[in-house]
Amino acid sequence: MAVEPFDTVDLIRTKRSGGALSTAEVDWLVDAYTRGYVEDPQMAAMAMAIFLNGMERREIKDLTLAMIASGERMSFGSLGKTTVDKHSTGGVGDKITLPLAPLVASFGVAVPQLSGRGLGHTGGTLDKLESIPGWHASLSNDRLLSVLDDVGAVICAAGSGLAPADKKLYALRDITGTVESIPLIASSIMSKKIAEGTGALVLDVKFGSGAFMPSYEASRELAQTMVDLGNDAGVRTSALLTDMEVPLGLMIGNALEVRESVEVLEGGGPSDVVELTIALASEMLTLAGLPDADPAAALADGRAMDTWRRMIAAQGGDPSAALPVAREQHVVKAPASGVLATQEALPFGIAAWRLGAGRARAQDPVQAGAGIELHVKPGDTVTEGQPLWTLHTDEPARFERALESLEGAWSIGTAAPERGPIVRERIGG
Ligand code: URA
């Protein structure tokens, strides 16, 4: 039996007392954890020590590279096209990937969007697309390349071969209260994105009540850390810091969000969704070497819609099929007249999740039609008795807990709230 070069407990003690691990120690730790020599309770203690004491920039880079080295690294070099991807840290009503991928691909750029399923209050892109009759998320690497070559955009499940160390560590962090740590989040996201082989990457880092990292300063630090990791690894990377204080758009829930995305692709849709889609598309196209491209024109003239229809059909979906609708609806009406003053993202996300749009455990099913349709947004005038939002679910027993989550999450006042632009800052490489 080979002799292990380090003692796990020594490494945990180093991080516990605020020290830094060497590159060799990080490499060994990740490799030994992946092959099962370092056990879950030891890695949980290490994750908590990192959570409490942080990591130096060099350690974060080492951790990212070690997690990439734990699995396969894809390459899109054979395509002969520029590749550019987007990653969002997730938010309530965040369906932007759906219109964005075909929009950017309509300019001849390849968009490999390897995505995940939702856990907790933020919905997963794959869950949304699975509400389209016939659509399936799994593609072999060969098929992924051929759809990228032909259509230009693919949204599919990330294969289990990419950064398996992260997969194991992320699942452990999820059950040990160690998710919300900048070094751990940054290395987790960037190990998968760099292993995926994209040439350029735009990060949509959210701040506000519905975001992973509600504070602006923490979101900024997360964005800068990820931008540095990407550029250091040779992936042209930039980030937009975007507002997640209120839900994005008017629809929260799987099929409801597909419906809204299709409206955007038809040249309509709510202004905040359109604004963010265009901002991210411009950023992606700039990194892809097309700074003068006009994404708004491609939404208006149907080019993006054509690519969407081909992208959905390439994965078995019928882009013309009717989307599922939940069996039961409950309408919440305005108790008074005035102006909608607040609408907090997180409670709305939790309410949609309780209606069946999200899952509590990875193996749980989701309801395609469940969610919330917002009829008004902050700043809109409301009249007593008018519908504010409609709750959708297949199981009426779920309404009560969803309504509980909305208590105190919104208010009617006399003046429109002040809101800044949705894109607050760009962080470049
Ligand atoms: N998403 C990831 O992939 N990893 C994290 O740590 C957090 C969000």
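I began with the strand pairing: strand 6 (residues 251-252) and strand 9 run antiparallel, joined by two bridges. I note that this is a predicted model.

M251 stands opposite E373 in strand 9.

I then followed strand 9 to its pairing with strand 11 (residues 387-393). Four bridges join these two strands, and they run antiparallel. Here I372 stands opposite L391 in strand 11.

Which way do the residues of strand 9 (residues 371-374) point? I found G371 and E373 pointing one way, and I372 and L374 the other way. All are buried. I recalled the general rule: in a regular strand, side chains alternate between the two faces of the sheet.

**Ligand site**

I moved on to the ligand. I listed the residues around the ligand as Y170, R173, I185, S188, I189, K192 and F212. By class, I noted four nonpolar, one polar and two charged residues in this shell.

Which side chains have polar atoms by the ligand? S188 has a polar side-chain atom 2.6 Å from a ligand nitrogen. In R173, a side-chain N or O atom lies 2.9 Å from a ligand oxygen. For Y170, I read 3.4 Å between a side-chain N or O atom and a ligand nitrogen.

How much of the ligand's accessible area does the protein cover? On its own the ligand has 240 Å², and the protein covers 89% of that.

I asked which elements give two or more residues to the shell. They are helix 8 (164-174) and helix 9 (182-196). Helix 9 gives the largest share, four residues.

Terms used:
Residues are numbered from 1 along each chain as its sequence is written. This is a predicted model: local features need pLDDT of at least 70, side-chain atom pairs count only at pLDDT 80 or more; totals for chains, interfaces and linings use all residues. Side-chain values use heavy atoms; hydrogens and water are left out. A residue is near a molecule or strand if one of its heavy atoms lies within 4 Å of it. A polar contact is a pair of N or O atoms within 3.5 Å; within protein, one must be able to donate a hydrogen and the other to accept it, and residues adjacent in sequence count only if both atoms are side-chain atoms. Accessible areas come from the Shrake-Rupley method with a 1.4 Å probe; for residues, only the protein chains shown count as cover. Ala, Val, Leu, Ile, Met, Phe, Trp, Tyr, Cys and Pro count as nonpolar, Asp, Glu, Lys and Arg as charged, and the others, Gly among them, as polar. Buried means under 20% relative accessible area, exposed over 50%, partly exposed in between (1.4 Å probe, protein chains only). Two strands pair if DSSP finds at least two bridges between them.
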